[in-house]
Amino acid sequence: MRVRRLGALLGALALALQPFTAAALDARYTDADGDLVADTPTDPKQWVDPSTLIFAYTPVEDPAVYAKVWDGFLRHMEKVTGKKVQFFPVQSNAAQLEAMRAGRLHVAGFNTGSNPIAVNCSGFVPFAMMASLKGEYGYEMEIITYPGSGVTKPEEIRGKKMAFTSQTSNSGYKAPSALLREKFGLEPGKDYEPVFSGKHDNSVIGVANKDYPVAAIANSVMLRMLARNVVKKDQLVSIYKSQTFPTTGYGMVYNLKPELAAKVKEAFFSFDWTGSDLLKEFQSTEPPQEKFIPITFKQHWEVVRDIDKAMGVSYDCKG
């Protein structure tokens with residue numbers, strides 16, 4: 001399934017968009033084959049072969065919940081790789097990006113908007129994504145409010161406070177910001193007050209508790225929270241739903257020893273989801289997430305790179 005484009009929004013921006021090239025990669029990386037991700041070093045001395053692989057899932061409101069969700073998968077990775085695998089509960093997108101750039105994180109799931117930054121600044125090489133048994137994948141950005149907020153359509157966000165997650169998030173900031181500017185003429189700081197909750201979970205809970213009148217979120221996160229009864233359906237109202245984006249991209253740091261890198265990939269594609277905590281957690285999305293499928297950054301993240309380009313996002317890596 002090819003990811004559908006944000007037709008109306010990106011169509012209006014098409015003339016301003018220029019193709020992304022490998023030149024976006026930080027100077028410490030090389031992309032000789034033009035696939036837009038860092039190549040494995042040719043010098044074996046630059047390979048890393050840790051005794052313990054560190055894995056991190058994208059930041060969530062309660063990392064302890066996801067440590068349990070991922071435990072069975074990580075035990076499977078231990079069997080396949082012959083390495084100990086440790087779950088690292090990151091508190092923010094920035095912390096996750098910095099951990100991989102500094103060599104403290106080896107395997108990870110980066111959220112949709114963080115993938116281009118992780119690729120270009122942290123040497124992340126995504127190769128897998130969750131999908132349904134039919135190969136369907138993706139999520140939508142939704143703008144949500146609560147009943148009786150006085151906001152029934154995006155135009156009515158004017159003059160109000162709007163919660164985003166973080167500036168690296170696709171559905172939590174970049175896509176809705178571009179949408180509100182191009183389609184509804186709303187500028188952050190001028191027409192509405194942007195605030196940042198840090199995580200999609202926080203934004204959903206914040207709206208449900210009436211702390212925020214409106215928020216932009218990934219509906220895959222919201223659906224899982226509804227399935228766990230973290231929030232109730234009657235606490236939330238959707239006033240806008242985008243077309244489909246790729247979901248969390250899973251991969252590894254570019255300089256893992258090639259034999260180990262191959263085993264990490266094998267662990268993803270050989271994992272049996274039947275009866276797993278992973279299936280229990282992720283099958284509640286729409287489409288359900290029931291297996292890992294192979295993906296490429298060059299193809300599957302094209303729409304996200306286009307949005308970044310339209311917003312003038314720069315991948316200037318620091319440190």
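**Figure 1. The second largest pocket of the predicted model has a volume of about 260 Å³.** Its lining is made up of 18 residues. Closest to the centre of this pocket are Asp 35, Val 37, Ala 38, Val 125 and Lys 265. Four elements each supply at least two lining residues: β4 (124-131), β10 (249-253), α8 (258-270) and α10 (297-300). β4 gives the most, with three residues. By class, the lining of the second largest pocket holds 11 nonpolar, two polar and five charged residues.

**Figure 2. Leu 36 has a positive phi, near 75°.** Leu 36 is a residue other than glycine. The residue sits in the loop between α1 (7-13) and β1 (52-56). With a relative accessible area of 8%, under the 20% limit, Leu 36 is buried.

**Figure 3. The largest pocket has a volume of about 360 Å³.** Its lining comprises 17 residues. Nearest the centre of the largest pocket lie Leu 97, Ile 117, Thr 168, Ser 314 and Asp 316. The elements that give two or more residues to this lining are α3 (93-101), α4 (115-122) and α5 (170-184). Eight lining residues of the largest pocket are nonpolar, four are polar and five are charged.

Figure 4. A search of the whole structure finds five cavities of 30 Å³ or more. The lining of the largest cavity has 29 residues. Thr 58, Asn 111, His 200, Val 221 and Thr 248 lie nearest its centre. α5 (170-184), α6 (200-208) and α7 (219-227) each supply at least two lining residues. α7 gives the most, with three. The lining of the largest cavity divides into 16 polar, 10 nonpolar and three charged residues.

**Figure 5. Helix α6 is mostly covered.** Seven of the nine residues of α6 are buried. They are His 200, Asp 201, Ser 203, Val 204, Gly 206, Val 207 and Ala 208. One of them, His 200, is also among the residues nearest the centre of the largest cavity. The cover over the buried residues of α6 includes strands β5 (139-145), β6 (161-164) and β8 (214-218). Helices α5 and α7 are also part of this cover. After α6 comes Lys 210, with a positive phi near 65°.

**Figure 6. Asn 229 has a positive phi, near 60°.** Asn 229, too, is a residue other than glycine. The loop that holds Asn 229 runs between α7 and β9 (237-245). Asn 229 is exposed, with a relative accessible area of 52%. The cut-off for exposed is over 50%.

**Figure 7. Phe 55 and Phe 73 form one of the 28 aromatic pairs in the structure.** Their ring centres are 6.4 Å apart, and the planes meet at 55°, so the pair is tilted. The pair links distant parts of the chain. Phe 55 is in strand β1 and Phe 73 is in helix α2 (residues 63-81), 18 residues apart. Phe 55 counts as buried, at 0% relative accessibility. Phe 73 counts as buried at 1%.

**Figure 8. Tyr 66 and Phe 282 form a tilted aromatic pair.** The ring centres of Tyr 66 and Phe 282 lie 6.3 Å apart, with the planes at 55°. Tyr 66 lies in helix α2 and Phe 282 in helix α9, so the pair ties together parts 216 residues apart in sequence. Tyr 66 is buried, with a relative accessible area of 3%. Phe 282 counts as buried at 1% relative accessibility.

**Figure 9. A cis peptide bond joins Glu 286 and Pro 287.** Omega is about 0°. Pro 287 is placed in the loop between α9 (277-282) and β11 (291-294).

**Figure 10. Arg 305 lies over the face of Phe 297.** The distance to the ring centre is 5.0 Å. Arg 305 belongs to helix α11 (residues 302-310), where it is buried. Val 303, Val 304, Asp 306, Ile 307 and Asp 308 of α11 are buried too. α11 is followed by Gly 312, with a positive phi near 75°.

Methods:
Residues numbered from 1 in each chain as written. Predicted model: local features only at pLDDT ≥ 70, side-chain atom pairs only at ≥ 80, totals over all residues. Heavy atoms only, no water. 1 Å grid on protein atoms, 1.4 Å probe; cavity = no way out; pocket = protein on both sides within 12 Å on 5 of 7 lines; lining within 4 Å. Points joined across faces, edges and corners; volume = space filled by probe spheres on them. Nonpolar A, V, L, I, M, F, W, Y, C, P; charged D, E, K, R; others polar. Buried < 20%, exposed > 50% of the residue type's maximum accessible area, 1.4 Å probe, protein only. Phe/Tyr/Trp six-rings, centres within 6.5 Å; stacked < 30°, edge-to-face > 60°. Lys NZ or Arg CZ within 6 Å of the ring centre and 35° of its normal. Contact = heavy atoms within 4.5 Å.
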